[in-house]
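Please read the points below with the model open beside them. They take a few places along the chain one at a time.

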Amino acid sequence: MTSMNTSTLGTKRQSLLLLDSGEQIFSPNSGAWLLMKEKSVKNHPEEESVVEQWLEWEAIAMQPAADATNPLRNEKRPPNHDIISKVEEALKSFSFLAETEEATVADVCVWSSLHFMLIDQDDLLSTYPNLKKWYDKLLTQESFKATVQKLNELKVSCCVAQSDGMKAKSHAVKTKAPLAAAAPVKVLPKSPQESESPEPGSASEDEIVLAVKNWKLGCQDGPKPKTPKHPVLPVAGERNILITSALPYVNNVPHLGNIIGCVLSADVYARYCRLRGYNTLYICGTDEYGTATETKALEEGVTPQEICDRYHELHAQVYKWFNIGFDHFGRTSTIQHAAICQKLFSEVHKNGYTRSDSIEQQYCKHCKRFLADRFVEGTCPWCAYVDARGDQCDSCGRLVNANELKMPRCKLCSSTPSLKSSTHLFLDLPKIEPKLREWMNTVANGWSNNAQVIARSWLKDGLKPRCITRDLKWGIPVPVEGFEDKVFYVWFDAPIGYMSILNCYTNEWEKWWKPEKPVVVKYFQFMAKDNVPFHSVMFPSCILAANPGLIAVDHLMATEYLNYEEGKFSKSRGVGVFGPEAESTGIPSDIWRFYLIWVRPENQDSAFIWSDLAQRNNSELLNNFGNFALRALTFVEKFFESKVPEINIDGEFERALVGAVNKELKEYLSLMENARSLRDALRCLLVISRHGNLLMQSSQPWVLVKGSPEDRKKGGSVVGLCANLTCLLSMLLSPYMPETARQLQQQLNAPQNAFVIPNHFYCLLPAGHKIGKPFPLFTKLENAQMDELRNRFSGNQKNRSPGPTVDTKSPSTVVKDGADSQPVSVQPEKSPKASNEEILGLQAEVDKQGGVVRDLKAKGLPKSEWEHELLKLLELKAKLLSLDPTSAPSKGNSSSGKKGKSKKSK
């Protein structure tokens with residue numbers, strides 16, 4: 001392990017630690033936890049969870065409070081006594097925070113943040129005796145004394161540097177002393193919420209010289225604008241990028257975590273690739289087979305296909321509003337999917353990579369069917385919850401085997417099932433494992449770190465045979481004699497959907513999946529970490545076993561989980577923002593896209609927090625990016641008749657800016673190129689706009705243009721350079737906020753070469769170029785508005801409002817976005833019946849209330865105890881019917897929420 005001196009930090013992306021494996025640790029929190037965790041766990045294994053709770057609280061609550069009072073930031077706000085009181089309360093009964101006999105990493109972390117609050121407020125602890133005793137006790141230790149000494153030295157040197165800088169009137173963009181350098185004892189990596197706004201740093205003289213040279217060369221070696229032609233097919237000699245995002249399960253209404261984990265992350269990367277001139281194809285679709293769909297259909301008394309049609313349309317509408325630019329959005333319940341799935345299986349089976357075995361399953365004599373796990377309910381063997389499912393208990397959260405449930409009952413008819421043997425086909429993973437290991441060793445370095453860890457953990461103890469068939473009706477039939485009454489397990493058929501959906505897009509789909517030399521295709525997959533085993537082990541194993549010459553994933557990019565405020569998203573409890581509800585807030589989709597990428601859980605779980613959304617919008621977009629763009633273009637309009645003035649790139653201000661911008665642009669490209677960190681790349685472009693703001697402030701062109709002819713010329717050069725920087729920023733922003741980028745390029749009257757991301761900063765708007773009319777890009781989000789939205793989505797369904805009407809007319813197959821000439825809309829495969837989000841939201845309420853009625857009736861309670869819930873359901877259905885006559889229940893689907901028994905006679 002190599003240590004990196006904190007004094008060398010120029011921006012927060014520079015590493016503190018370089019591990020022997022080559023992995024870099026960017027946060028002092030991560031470094032301290034890495035160094036101290038093993039000792040802490042070894043000495044206090046039972047206290048680990050307590051320590052981690054303190055570390056999480058410190059990261060989310062205390063660090064922002066400490067940062068607000070950091071004296072190095074030339075601003076000071078009142079301390080948060082609620083924060084301090086929590087620590088005081090914890091220390092009433094124990095000497096240290098983790099309830100241990102000696103200090104742990106939790107004490108180190110909390111003490112460090114508290115120290116920032118105390119530097120200029122010596123009397124702060126006068127009313128907190130326990131906290132003061134704990135603070136003073138730790139301060140007597142040599143390591144803490146040394147840290148305080150270093151911090152004092154840093155503060156002095158920082159002040160001297162600032163003073164010298166003012167005397168010299170330096171044109172270079174100065175770097176504030178990073179908080180990381182001032183407090184090297186932080187323990188956990190900062191969550192995206194509480195990580196600070198990225199600060200700009202200056203370029204070296206060598207970097208400046210190279211940047212000026214590249215400016216003068218122009219775009220000679222850069223990508224050229226490219227308009228995609230459909231169908232998009234791989235081309236020899238070009239960089240061909242195939243992108244897929246994990247197929248969302250059809251009857252799960254996507255929440256914000258689903259969106260950032262899969263489709264939005266993939267969309268940002270696809271847009272970037274197109275803007276770099278790469279030959280890019282992005283496909284996705286709904287995963288429609290399996291137990292959940294069949295269960296939902298039986299509950300509602302409709303066919304599985306009707307369930308799929310309804311929810312496929314909902315998904316398409318949600319992704320359209322979020323401006324997800326699929327080239328094609330399909331589904332798995334197609335003829336093409338069944339054909340490709342059966343063909344691939346036949347190859348696997350013929351090559352000897354399957355085996356059969358008998359397993360004990362719950363069988364319902366009344367329904368005359370084997371029951372999948374979700375069709376079995378009963379009492380949890382762990383917590384005695386009476387309504388546990390056969391796969392998981394919603395009360396204690398433990399995974400449950402259906403055969404372990406006490407007092408099991410059939411979910412369909414409430415009869416008691418019995419165990420019965422059923423023969424199934426298994427994928428012989430142990431036989432495939434050598435091939436899988438060999439393949440994985442060649443590609444895993446291109447995967448995200450968590451994807452590598454998860455995949456190798458499956459291989460650690462050796463793979464086991466895995467069942468690939470189920471006793472269901474809704475699925476793809478197994479083409480093997482003796483198994484005609486079974487269908488493929490959804491985990492087996494769903495990933496094959498990437499091929500079949502591409503087949504629905506073009507009959508030449510195999511050109512992507514079986515590229516012929518010299519064509520080379522790089523395959524990127526985006527998903528949350530729970531999907532990694534299926535895409536890193538199961539699906540590649542099937543491809544290797546079939547040996548049909550198909551490509552496998554090169555870059556598997558997985559995220560951790562996005563939580564909601566202080567908990568998790570929960571559709572059943574109404575907690576969090578789901579599906580079409582984001583539009584009902586009135587916040588533009590681009591703001592949602594920006595914030596979801598800002599908090600993208602790349603290295604650890606993160607959370608969507610309303611107050612942080614407002615803060616990031618107001619500080620990063622409104623005050624930083626938006627302020628710079630508006631000022632730059634307004635100065636062109638006001639002082640130069642809307643024409644870009646001539647730029648002297650050899651001027652003092654200009655050289656420094658071009659050098660600093662090129663440095664950040666290089667980092668942006670590095671982070672985006674193989675999707676290394678979409679989140680950190682976003683911070684790069686915000687650093688660039690900060691450079692622009694600082695140039696404005698230091699050069700004051702509004703003063704220069706009113707001075708002598710020479711001053712006016714200098715002021716014009718700065719304004720012209722800032723206009724060009726705004727143009728560059730519009731390109732860099734486009735993958736993240738395509739509509740905002742389009743509006744900005746409209747204001748710029750951007751030329752054609754402004755629709756690609758260049759290799760370096762050069763003159764995009766020549767002298768004399770006439771811009772359009774500048775206008776503000778962003779508006780402020782108020783705290784009161786955030787409080788109202790937090791309350792609305794906190795679990796109280798009565799506060800939910802359906803939101804504005806949405807145009808649900810079927811969009812054209814490809815709609816071009818003027819900003820980057822790429823498809824941005826979703827083509828549903830069937831036109832929606834509903835005409836607005838109110839209908840979709842009300843349908844979700846009907847589904848939820850129907851579940852309440854069914855659960856109460858299944859418990860055998862007297863009618864008097866559930867009749868009021870039934871009346872609520874009937875009122876909701878009546879309201880839905882009045883809004884959408886096509887939502888009337890089909891024959892056999894009663895209003896009382898019965899489980900579709902009358903359908904059996906069909």
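1. Buried means under 20% relative accessible area, exposed means over 50%, and partly exposed lies in between (1.4 Å probe, protein chains only). By that rule Gln452 counts as buried, because its relative accessible area is 19%. Gln452 sits in helix α14, residues 449-460. Helices (H or I, at least four residues) and strands (E, at least two) are DSSP runs, numbered from the N terminus.

2. This is a predicted model, in which local features need pLDDT of at least 70 and side-chain atom pairs count only at pLDDT 80 or more, while totals for chains, interfaces and linings use all residues. Residues are numbered from 1 along each chain as its sequence is written, and side-chain values use heavy atoms, with hydrogens and water left out.

3. Which residues does Gln452 contact, leaving aside its neighbours within four places in sequence? They are Ala444, Asn445 and Trp447, where contact means heavy atoms within 4.5 Å.

4. Helix α9 covers residues 256-275 and bends by about 40° at Leu264. The bend at a residue is the angle between axes fitted to the seven residues ending there and the seven starting there. Of the 20 residues in α9, 19 are buried. Just after α9, Gly277 has a positive phi of about 85°.

5. Helix α21, residues 610-640, bends by about 40° at Gly626.

6. Ala656 belongs to helix α22, residues 652-673. Ala656 is buried, because its relative accessible area is 8%. Its C-alpha atom is 8.7 Å from that of Glu205, although Ala656 and Glu205 are 451 residues apart along the chain.
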